[in-house]
Amino acid sequence: MAEMGSKGVTAGKIASNVQKKLTRAQEKVLQKLGKADETKDEQFEQCVQNFNKQLTEGTRLQKDLRTYLASVKAMHEASKKLNECLQEVYEPDWPGRDEANKIAENNDLLWMDYHQKLVDQALLTMDTYLGQFPDIKSRIAKRGRKLVDYDSARHHYESLQTAKKKDEVKIAKAEEELIKAQKVFEEMNVDLQEELPSLWNSRVGFYVNTFQSIAGLEENFHKEMSKLNQNLNDVLVSLEKQHGSNTFTVKAQPSDNAPAKGNKSPSPPPDGSPAATPEIRVNHEPEAASGATPGASIPKSPSQPAEALEVAGGTQPAPGAQEPGETAASEAASSSLPAVVVETFSATVNGTVEGSSGAGRLDLPPGFMFKVQAQHDYTATDTDELQLKAGDVVLVIPFQNPEEQDEGWLMGVKESDWNQHKELEKCRGVFPENFTERVQ
C-alpha cells in the first residue's frame, strides 16, 4: 500500500508539473498576441543584461587565462630543453660546468613555481568567481517562470471576477492561488534584486585583484630569472676568458676581385668592377754583369714602374753616393719590401721622376712609393682607414710591419692632408686598392 501511495504521489506531481507547463505556455502565447498583459520590471531587466555581460566577460577572461597558463607551461618546456642542450654540449673539463647545471636546475624550479602560483592565485580565484553564476542564472530563469505563473493566476482571477455568472467558490480558490503565486514570485524577485547589483559591482574588485596578482607574480618571476641569466652570463664569460684563443668569430666572405687573407676584405667599387691597378711583382732576373755598358737597355716588365726602369736604365747613382739620412730610409724599405718597391723608393729619393729634382722629393712622406687617385668614394669602416672621395690623390707608403698588410689594401696619406699637416702618424691610414688607380 505504501508503494501504491508513493507512486500515486509521484504521478500526481508529474501531472501537476505538466499542467503548469501547459498553463505557462498558454499564458506566453496570449502575452505575445497582446491578449494578456505582462508584468514588466525594467530595473530588473537591466540587472539581467548586466549579469549576462558579466558572465560573458568572465568566461572570456577564464579562457584567456587558461591560454596564458598553457603558454607559460610551453615556455617552461622550451627553456628546459634549451638548458638540457647546454648541459650536453658543456664539456666536463670546462670551468663552470657545475654552476651552469645548478643554474639550469634553479631555472626549472622557478618556472614550476611561477606556473603553480598563477594557478593558485589567479585561475582558482577565477573559477570560484565564475562558480556563482550558474546558480544565479538558474534562479533568474526560475523567477521568470514564477512571474508567468503569477500573471496567469492574476488573469484567471480577473476573468472569474468579470464573468457574467460568478462562482464564488472558484473565485475564492483563484484568489488563493493568486496570493500564493505572488508570494513565491516576490520572494525570489526580492533576493535577486539585491544580489544582481551586488554581483555586478563586485567585478571591479575581482578584476583588480586578479590582474594585480598576475602582474606581481610575473614581475617577481622576471626579477629572479634575470638574476639566473646574469649568473649564467658570468659563467660563460669566465669560460670565454680561459678559452679565448678559440673564440668563434664571423669572418667576411672574400671578394672575387681581391680575396682577403687577414681581417680586412676590400669592398668592390660602386660600379661593380675594380679599378685597374698595376700588379707589383718581385723581379727575379739576374743582375747585369759588372762589365755591362752603362745605359744599356733592360727588357721591360709590364709590372715594373717607370721610375724603376729609369733607374735601371742608367740614372741610378753609384753606391756610396747617398746621403746618411737617405741610406737609413733605403735600408728600412729594402728590408720589408719586394725588389721593385725598393728600386722605386730609391729612385724617388735619389733620382728624378717626371722632371722633378731630388730636392723636391724631400716634401714627400718618408718611404713614399707612388701616387694613386681615388676613382670612387670610399666610406671608412674603422679608425685605421682613410675616408676617400673620388679624385683624392693618395701618397702610398710602406706598412711599418709588412705582416700587418692584408691583400688588396695599401697604406697611404692623402696628399692634401700631408701638404697641410706634414704629420704622418695622424694622417696615414689603409684603403682598398681596387678603389683607386695609379697615377705616378
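## Around Arg 428

Setting aside neighbours within four places in sequence, Arg 428 touches Leu 386, Ile 397, Gln 400, Met 411, Gly 412 and Val 413 (contact means heavy atoms within 4.5 Å). This is a predicted model, where local features need pLDDT of at least 70 and side-chain atom pairs count only at pLDDT 80 or more, while totals for chains, interfaces and linings use all residues. Residues are numbered from 1 along each chain as its sequence is written, and side-chain values use heavy atoms, with hydrogens and water left out.

Arg 428 sits in the loop between α10 and β4 (429–432). Helices (H or I, at least four residues) and strands (E, at least two) are DSSP runs, numbered from the N terminus. The side chain of Arg 428 has a polar contact of 2.8 Å with the side chain of Gln 400, and another of 3.1 Å with that of Glu 425. A polar contact here is a pair of N or O atoms within 3.5 Å; within protein, one must be able to donate a hydrogen and the other to accept it, and residues adjacent in sequence count only if both atoms are side-chain atoms.

Trp 418 belongs to helix α9 (residues 415–421). With 7% relative accessibility, Trp 418 is classed as buried (buried is under 20% relative accessible area, exposed over 50%, partly exposed in between, using a 1.4 Å probe and protein chains only). Beyond its neighbours within four places in sequence, Trp 418 has contacts that include Asp 363, Leu 364, Pro 365 and Pro 366, plus Leu 395 and Val 413. Take Pro 365: it is 53 residues from Trp 418 in sequence, yet their C-alpha atoms are 7.5 Å apart.

Lys 422 is in the loop between α9 and α10 (424–427). Most residues other than glycine have a negative phi. Lys 422, though not a glycine, has a positive phi of about 60 degrees. Its relative accessibility of 40% puts Lys 422 in the partly exposed class.

## Helix packing

Two packed helices are described by the angle between their axes and the distance between the axes. Axes are lines fitted to C-alpha atoms, for helices over the stretch in contact, and angles run from 0 to 180 degrees between N-to-C directions.

Helix α2 (residues 42–89) packs against helix α4 (residues 133–161) at about 150 degrees, the axes being 12 Å apart. That angle makes α2 roughly antiparallel to α4 (under 35 degrees is roughly parallel, over 145 roughly antiparallel, 65 to 115 roughly perpendicular, the rest oblique). On the α2 side, Phe 44, Val 48, Phe 51, Gln 54 and Leu 55 meet Phe 133, Ile 136, Lys 137, Ile 140 and Arg 143 of α4. These contact residues split into 7 nonpolar, 1 polar and 2 charged; Ala, Val, Leu, Ile, Met, Phe, Trp, Tyr, Cys and Pro count as nonpolar, Asp, Glu, Lys and Arg as charged, and the others, Gly among them, as polar.

Helix α3 (residues 97–131) and helix α5 (residues 168–242) have axes 10 Å apart and an angle of about 175 degrees, so α3 and α5 are roughly antiparallel too. Their contact involves 18 nonpolar, 7 polar and 5 charged residues.

## Arg 154 and the whole chain

Arg 154, in helix α4, is buried at 14% relative accessible area. Its side chain makes a polar contact of 3.0 Å with the side chain of Asp 151.

The chain comes to 10 helices and 5 strands, and 33% of its 440 residues count as buried.
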